[in-house]
Amino acid sequence: MLFESPEEIYARVFREFKPRTPLPSIAVEFCRFANADSFIRMESGAIHVRISDLLEGAPAPVSEALAYILLGKLFRRPAARIYAHRYRLYLNRRDMRRQMHLVRQIRGRKFVSGPQGSHYNLEAVFEALNAAHFQGLLAQPQLGWSRAASRNRLGHFDPSHNAIVISRIFDSPTVPELALEYVMFHEMLHLRYPVDHTRARRRVHTHEFHQAEKQFVKLKEAKEILKKL
Ligand SMILES: [Zn+2]
């Protein structure tokens, strides 16, 4: 498999998936995405693959693994686990993570609304929790409300933009402040405890993280409110 072009890799994997189907034309394009996304589509009998340029210099076995993953997706036949594992292992390498982080910073646009909502102020919530749980030592990231009042994503910490974004669903007089405090506390713990990247894994909520979360006094009550949002 030395010296195969990307198109040749996809052609070889295609034949493995569809040995009796005539080989379609295949175009592989590397694009300046804001992350390591890849896309595949079949259109009027031709296969188009668009891969993040972060992967342009990837070793052949990694490109091959991605070909199995993408063609598997196209034909609704999940790729063998070794390919998914190999691909994840590569993306999880320290140098790749650093590159992805940079690319997200440079290319990804981020909307952060600012801390003042119509009912709550995120800066005030952050400061109170910082004093109560972190000896006031956490540096304040950008704080903002999400555009939509999302129930699925109550909050997130974005390390590339050093921002905590809280769902606008909390910015309401009918939502008790305790629920907002808990979600903010959770995101502040993400600021405090880095993600664990061991082997192909990416563990966001480590044991340490969970232990620290238990320090939140009315944890149970807060979680009950979240269930009823
Ligand atoms: Zn979390």
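Predicted model: local features only at pLDDT ≥ 70, side-chain atom pairs only at ≥ 80, totals over all residues.

Biologist: Why are α5 and α6 called roughly perpendicular to each other?

Modeller: Helix α5, residues 122-133, and helix α6, residues 177-192, pack at an angle of about 65°, with their axes 10 Å apart. Angles of 65 to 115 degrees count as roughly perpendicular, and α5 and α6 are therefore described as roughly perpendicular to each other.

Biologist: Which residues meet between α5 and α6, and how do they divide by class?

Modeller: From α5 come Leu122, Val125, Phe126, Leu129, Asn130 and His133, which meet Glu177, Leu180, Glu181, Met184, Phe185, Met188 and Leu191 in α6. The residues of this contact of α5 with α6 divide into nine nonpolar, two polar and two charged.

Biologist: What do the axes of α1 and α2 do, and why is α1 called oblique to α2?

Modeller: The axes of α1 and helix α2, which spans residues 60-74, come within 9 Å and cross at roughly 45°. An angle under 35 degrees would count as roughly parallel, and 65 to 115 as roughly perpendicular; the value for this pair makes α1 oblique to α2. The crossing of α1 and α2 is right-handed. Their contact includes Ile9, Tyr10, Val13 and Phe17 of α1, with Leu66, Ala67, Leu70 and Leu71 among the residues of α2. By class, the contact of α1 with α2 has 11 nonpolar, two polar and three charged residues.

Biologist: How do you know that α2 and α3 are oblique to each other?

Modeller: The axes of α2 and helix α3, residues 81-91, come within 8 Å and cross at roughly 130°. Only over 145 degrees would an angle count as roughly antiparallel, while roughly perpendicular ends at 115, and α2 and α3 are therefore oblique to each other. α2 passes α3 in a left-handed crossing. In this contact, Pro61, Val62, Glu64, Ala65, Leu66, Tyr68 and Ile69 in α2 meet Tyr83, Ala84, Arg86, Tyr87 and Tyr90 in α3. The contact of α2 with α3 divides into 10 nonpolar, no polar and two charged residues.

Biologist: Turning to the strands, what makes β1 and β2 edge strands?

Modeller: Three strands form an open sheet in the order β1-β3-β2, with mixed pairing, and β1 (25-31) and β2 (38-43) each pair on one side only, which is what marks them as the edges. The twist of this sheet averages 15° from one strand to the next. Helix α1, residues 6-17, packs on the sheet and touches β1 and β3, its direction making about 130° with that of β1.

Biologist: How do you know that β2 and β3 are paired?

Modeller: Two strands count as paired if there are at least two bridges between them, and six bridges join β2 to strand β3, residues 46-52, the two running antiparallel. Phe39 stands opposite Arg50 in β3.

Biologist: What is the strand order in the sheet that holds β4, and which helices lie on it?

Modeller: That open sheet has the order β4-β6-β5, again with mixed pairing, and its edge strands are β4 (142-145) and β5 (155-158). β5 and strand β6, residues 163-166, pair in the antiparallel sense over four bridges, and Gly155 stands opposite Ile166 in β6. α5 packs on the sheet, touching β4 and β6, with its direction at about 130° to that of β4, whereas α6 lies across β4, β5 and β6 and runs at about 155° to β6.

Biologist: How many helices and strands does the protein chain have, and why is the chain called more spread out than a compact globule?

Modeller: The protein chain has eight helices and six strands. The radius of gyration is 22 Å, well over the 17 Å that the globule rule gives for 229 residues, so the chain is more spread out than a compact globule. The C-alpha atoms fill a box of roughly 65 × 35 × 30 Å, taken along the principal axes.

Definitions and conventions: Residues numbered from 1 in each chain as written. Heavy atoms only, no water. Axes fitted to C-alpha atoms, helices over the stretch in contact; angles between N-to-C directions. Contact = heavy atoms within 4.5 Å. Nonpolar A, V, L, I, M, F, W, Y, C, P; charged D, E, K, R; others polar. Rg over C-alpha atoms; globule rule 2.2 N^0.38 Å. Left-handed = near helix turned anticlockwise from the far one by under 90°.
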